[in-house]
Amino acid sequence: MTTSNSIGTPSHPQAGPTALDRYRRSARWQPLEYLFWCLPILAYFAFPGNYLLLSQIAITSLFALSLDLIFGYAGVISLGHAAFFGVGAYTVGLLGSNGYGDPLLGLLLAAVVAAVLGFLSSFLLLRGSDLSRLMVTLGVALMLYELANKFTSITGGVDGMPGVEVKPILGMFDFDMFGRVGYIYSVIVLFVMFWFARRLVHSPFGQSLRGIRMNTLRMPALGVPVNRRLITVYTIGAGYAGVAGALLAQTNSFVSLDVLSFQRSADLLLILILGGAGHLYGGLLGAIVFVIANYLLSDMNPQYWQFWLGLILVLVVLFARGGILGTAQQWIASSRQRAAARARTESPS
């Protein structure tokens with residue numbers, strides 16, 4: 001027997017939570033998320049001599065977040081994501097070399113230039129399968145790398161662009177040689193960009209991206225413009241990567257040809273595999289582990305450190321296929337299921 005609420009609509013007080021209720025709860029910030037964002041503050045006081053390394057972690061996290069948006073949520077794999085990272089870095093380098101070293105202006109223009117490149121190249125991704133997409137993204141990155149290597153009068157070629165002028169942030173906070181201001185600046189930019197990305201993936205647009213990743217052929221029947229969604233998210237991801245590249249150029253006051261290298265794109269995929277794609281925080285955790293492992297292993301064994309890094313990645317693929325975050329979520333879910341099953345068996349009939 002049903003009861004009626006104040007407006008005369010039947011209500012079911014014993015009914016479970018609806019899909020909309022579960023969706024709204026998932027969009028709320030969880031206590032562990034607040035705890036996670038306390039870690040950069042703790043690291044600032046705990047590691048006062050490693051601000052440059054901490055800045056590298058924040059920048060790599062933002063770069064991983066940019067790829068997670070297009071790969072983890074839309075299922076578009078890329079082997080040339082460093083193209084947008086490098087374009088953002090060179091945009092800041094060219095601005096700084098010509099007296100326009102305002103950091104916020106550099107971030108904005110780097111995002112716009114990288115997003116425009118992402119928009120133009122996204123039309124090539126709509127043709128063919130995942131393998132052809134890999135080749136297209138890799139080809140774009142290789143072409144930009146060779147262009148930057150050829151036009152040495154603009155980019156500096158293999159010598160890079162030293163002495164990139166970066167003015168004080170808001171005219172008040174100057175970048176110091178210890179990297180303190182650069183670290184705080186990088187973390188703030190990372191948090192703001194993460195907040196926007198979190199709102200995006202929990203919006204109807206983000207839910208449509210999940211549907212495209214799971215079943216591309218079915219989504220048009222539901223009224224979702226698949227190609228338009230893919231172009232949009234690829235453009236957004238490219239803009240995010242451009243901001244990450246701009247941060248690297250601003251905090252180092254130097255841009256090298258390495259920002260466009262294939263190795264940077266390959267490392268980014270490894271970071272997502274390590275942390276877990278499609279979780280947002282997976283890319284952040286993967287970046288933390290990857291950068292710290294790089295630092296520690298290269299310091300312990302400068303000649304053979306990549307062997308140990310490769311061994312770690314092999315173990316992750318064998319025993320934690322969902323990455324760090326995905327495996328942790330699976331373990332928590334299975335533990336809850338076992339606890340619920342045990343409670344049902346122990347309860348009196």
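Which residues form one aromatic cluster? Select Trp29, Tyr34, Phe36, Trp37, Phe191, Phe194 and Tyr281, which form it; rings of Phe, Tyr and Trp (its six-membered ring) pair if their centres lie within 6.5 Å, and planes under 30 degrees apart count as stacked, over 60 as edge-to-face and the rest as tilted. The model is predicted: local features need pLDDT of at least 70 and side-chain atom pairs pLDDT 80 or more, whereas totals for chains, interfaces and linings use all residues. Residues are numbered from 1 along each chain as its sequence is written, and side-chain values use heavy atoms, with hydrogens and water left out.

Next, select tyrosine 44 and phenylalanine 45. Their rings form an edge-to-face pair, 5.1 Å centre to centre, with 85° between the planes. Phenylalanine 45 counts as exposed because its relative accessibility is 63% (buried is under 20%, exposed over 50%, partly exposed in between, with a 1.4 Å probe and protein chains only).

Move to phenylalanine 119 and phenylalanine 123, an edge-to-face pair at 5.1 Å and 85°. Both lie in helix α6 (residues 103–125), four residues apart, about one turn of the helix (helices are DSSP runs of H or I, at least four residues, numbered from the N terminus). Phenylalanine 119 is partly exposed, because its relative accessible area is 37%; phenylalanine 123, at 38%, is therefore also partly exposed.

Note on methods
Helix = DSSP H or I, 4+ residues; strand = E, 2+ residues; numbered from the N terminus.
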